[in-house]
Amino acid sequence: MQELHDAPLAPLTTFRLGGPATRLITATTDAEVIAAVREADGAGTPLLLIGGGSNLVIGDKGFEGTALRIATDGFRLDGTELELAAGEVWTDAVARTVEAGLAGVECLAGIPGSAGATPIQNVGAYGQEVSSTISEVIAYDRRTQETVTLSNAECAFSYRHSRFKADPERFVVLRVRFRLEDAQGLSGPVKYAETARALGVGPGDRVPLAAARETVLKLRAGKGMVLDPEDHDTWSAGSFFTNPILADEEFAAFRARVSERLGEGTEPPAYAAGEGHTKTSAAWLIDKAGFTKGYGTGPARISTKHTLALTNRGGATTEDLLALAREVVAGVRDAFGVTLVNEPVTVGVSL
Ligand SMILES: Cc1cc2nc3c(=O)[nH]c(=O)nc-3n(C[C@H](O)[C@H](O)[C@H](O)COP(=O)(O)OP(=O)(O)OC[C@H]3O[C@@H](n4cnc5c(N)ncnc54)[C@H](O)[C@@H]3O)c2cc1C
């Protein structure tokens with residue numbers, strides 16, 4: 001276990017933003033993670049859990065308390081059952097499942113960060129979400145001070161959300177178990193239209209696992225969604241806003257605003273999102289509100305490759321980033337009456 005004082009947190013985040021933590025502990029075993037959490041909780045000190053720092057916006061003042069970086073390792077495959085330690089690098093684990101010929105997470109290749117953080121916002125991309133394959137999550141429960149095993153249902157997964165995100169002070173994920181599929185070297189059904197097009201197949205078809213993974217990585221790279229230290233378009237948290245889910249009457253009002261502003265007959269993107277609800281596209285809203293790729297003049301700007309990613313061009317502060325985020329939220333609200341919600345977790349700051 002390594003312990004540093006007044007330790008900068010910016011290098012631990014993909015935004016490269018945020019001030020120092022009073023104390024930074026790096027834990028490499030479950031026992032070290034639990035000991036550090038117990039100690040901080042026992043002393044009543046605020047605790048910040050950090051995996052790969054790819055979904056974190058930390059304030060310029062930093063974090064007064066204990067930041068705990070979870071750097072445990074462990075990849076165990078037994079048939080189609082996979083168990084990952086929280087600190088495993090997610091995209092590497094995905095590559096290994098593809099090599100092992102197992103389907104279920106191949107379209108989640110290229111998502112930065114740790115395996116332990118995947119259940120927090122139920123990571124998803126290109127038609128897959130971890131909630132479809134997670135069988136159990138093993139976590140330390142800070143309320144009961146015990147290690148618990150939560151079933152998939154107990155994780156209360158939904159779109160970019162879970163029980164862990166709803167109650168962030170309670171669980172520390174130690175291990176995640178997945179039930180994958182042996183489809184004889186083929187992927188799961190390709191659900192996302194863009195991936196199907198790129199693969200030259202129809203939606204619902206299966207393709208060789210490696211082809212699915214490589215296609216997703218290529219599509220992601222074209223949007224600045226694969227980490228590259230040389231490319232400022234990837235100094236981000238991926239999508240900065242979630243896609244809004246609107247109740248029927250809200251969606252009707254939104255459609256009317258779209259027609260009014262963009263011309264009769266213009267239809268916003270609309271996807272079914274459970275009874276009485278429709279999901280629309282945050283990227284579309286941002287673009288149509290006038291915040292196009294590359295928008296901004298300061299050190300925090302919209303990615304030149306994707307309207308949904310806010311980025312640090314180097315030398316930005318968290319305040320610069322938040323100012324841009326607030327401008328986008330206000331602009332979209334004024335244009336379309338829809339309030340965007342940030343996807344990354346904010347620490348010591350809010351929009
Ligand atoms: C270029 C880029 C592309 C991205 N693309 C996608 C995408 O396609 N789909 C998607 O869903 N996300 C995407 N993201 C967001 C991000 O990669 C994921 O949310 C990822 O799961 C975060 O993992 P992390 O380890 O970096 O978490 P961190 O940023 O370190 O932490 C995120 C949150 O989880 C908590 N946390 C971390 N580890 C644990 C643990 N072991 N137990 C309990 N809480 C914990 C933290 O306290 C924090 O609240 C992208 C980000 C970037 C930078």
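1. Isoleucine 50 counts as buried because it has 24 C-beta neighbours inside 10 Å; a residue is called buried if 20 or more other C-beta atoms, placed from the backbone, lie within 10 Å of its own, exposed if 12 or fewer, and partly exposed in between. The model is a predicted one, in which local features need pLDDT of at least 70 and side-chain atom pairs count only at pLDDT 80 or more, while totals for chains, interfaces and linings use all residues. Residues are numbered from 1 along each chain as its sequence is written.

2. Isoleucine 50 has its place in strand S3, where strands (E, at least two residues) and helices (H or I, at least four) are DSSP runs numbered from the N terminus. Leaving aside residues up to four places away in sequence, isoleucine 50 touches Leu12, Leu56, Ala67, Leu68 and Arg69, a contact being two C-beta atoms, placed from the backbone, within 7 Å.

3. Strand S3 belongs to an open sheet of four strands with mixed pairing, in the order S1-S2-S5-S3; two strands pair if DSSP finds at least two bridges between them. At the edges are strand S1 (2-8) and strand S3 (47-50), each of which pairs on one side only. From one strand to the next the twist averages 25°, with axes fitted to C-alpha atoms, for helices over the stretch in contact, and angles running from 0 to 180 degrees between N-to-C directions.

4. The partner of S3 is strand S5 (residues 63-70), and the two pair in the parallel sense over four bridges; isoleucine 50 stands opposite arginine 69 in S5. Helix H1 (residues 30-43) packs on the sheet, where it touches strand S2 (20-27), S3 and S5, and its direction makes about 165° with that of S5.

5. The ligand is surrounded by 34 residues, of which the closest are Gly51, Gly52, Gly113, Gly116 and Gly238; a residue is near a molecule if its C-beta atom, placed from the backbone, lies within 6 Å of it. The elements giving two or more residues to this shell are S3, strand S8 (124-125) and strand S12 (171-179).

6. In the largest nonpolar core, which has 96 residues, Leu68, Val173, Leu321 and Val332 touch the most other members; such a core is a set of buried Ala, Val, Leu, Ile, Met, Phe, Trp, Tyr and Cys residues joined through C-beta atoms within 7 Å. Helix H8 (residues 318-336) supplies the largest share of this core, eight residues.
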